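Biologist: I am new to this one. Please show me the structure, then take my questions.

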Amino acid sequence: MNQDRRRQAEDFLQPDEQLIAACACEPGPGVPSPPEDLLAPQEPAALGRRLEEKLPRPLQQFFKGRAHEERRDQAADRLPDPAAGPGMEGGWQSEAGRFLIGRAGARGSGADLLVVTDRRWFALADVSPVWQSTPVLKQYWEVPRSAVTVVRAQASLLQGRMDIEFADFSWVAVEALTPAEAAPFAASAARYR
């Protein structure tokens, strides 16, 4: 485990919780994106909030109303998404679906940090602005250890793919940013079952 990743994960540990493993990853190929209507509305940036505050109240209300209308129209035009494919199985209400909804809702940039401890699994996203060099991490997903039944790393070290299987029989594929870290991460997670 990379020392930077260890330090980042340790900032989110609860008292007396022990870090087992952390791995920088991203969704695997074929993982669907959650529908927009399942995501919480994005908070405006500080600059956007300041600009909105300067607008007269009728214009503020008009723009807020338009944003809600556009989301509803997009949801009506979209075909149903079964949330299954080569990178995921289970509906959006499954644990795999909640993982992906949380990830998309964090609106982070770049890779995530998947963490396993002696008590739980959780995932962090870098939500810092593009121009900021220091990452700002936000936790977007958490489950108890018992919710993850298997983490299986693919045989090919060049790929870095891991399948995370949940107790509700759903699963999602993630890829380690450093492919060689996939097998040790999966082995560490399995050893402390």
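Modeller: Asp112 is placed in strand S3, residues 112–117. Helices (H or I, at least four residues) and strands (E, at least two) are DSSP runs, numbered from the N terminus. The model is predicted: local features need pLDDT of at least 70, side-chain atom pairs count only at pLDDT 80 or more, and totals for chains, interfaces and linings use all residues. Residues are numbered from 1 along each chain as its sequence is written, and side-chain values use heavy atoms, with hydrogens and water left out.

Biologist: Is Asp112 buried or exposed?

Modeller: Buried means under 20% relative accessible area, exposed over 50%, and partly exposed in between (1.4 Å probe, protein chains only). Asp112 has 6% relative accessibility, so Asp112 counts as buried.

Biologist: Which side chain does a polar contact of 2.5 Å join to that of Asp112?

Modeller: A polar contact is a pair of N or O atoms within 3.5 Å; within protein, one must be able to donate a hydrogen and the other to accept it, and residues adjacent in sequence count only if both atoms are side-chain atoms. For Asp112, the 2.5 Å partner is the side chain of Arg103.

Biologist: Which residues of S3 point the other way from Asp112, Leu114 and Val116?

Modeller: S3 is mostly covered, with six of its six residues buried. Asp112, Leu114 and Val116 point one way. The other way point Leu113, Val115 and Thr117.

Biologist: How many bridges join S3 to strand S4?

Modeller: Two strands pair if DSSP finds at least two bridges between them. S3 and S4 form a hairpin with two residues between them. S4 covers residues 120–126 and runs antiparallel to S3, and the bridges number five.

Biologist: And how many bridges pair S3 with strand S1?

Modeller: Leu19 stands opposite Thr117 in S3. S1 spans residues 19–27 and pairs with S3 in the antiparallel sense; the bridges number six.

Biologist: How many residues are in the largest nonpolar core?

Modeller: A nonpolar core is a set of buried Ala, Val, Leu, Ile, Met, Phe, Trp, Tyr and Cys residues joined through side-chain atoms within 4.5 Å. Among the members that touch the most others are Phe99, Leu114 and Trp121, and the residues of this core number 36.

Biologist: Is Asp16 buried or exposed?

Modeller: Asp16 is found in the loop between helix H1 (3–10) and S1. Asp16 has a positive phi of about 65 degrees, although it is not a glycine. Its relative accessibility is 71%, so Asp16 counts as exposed.
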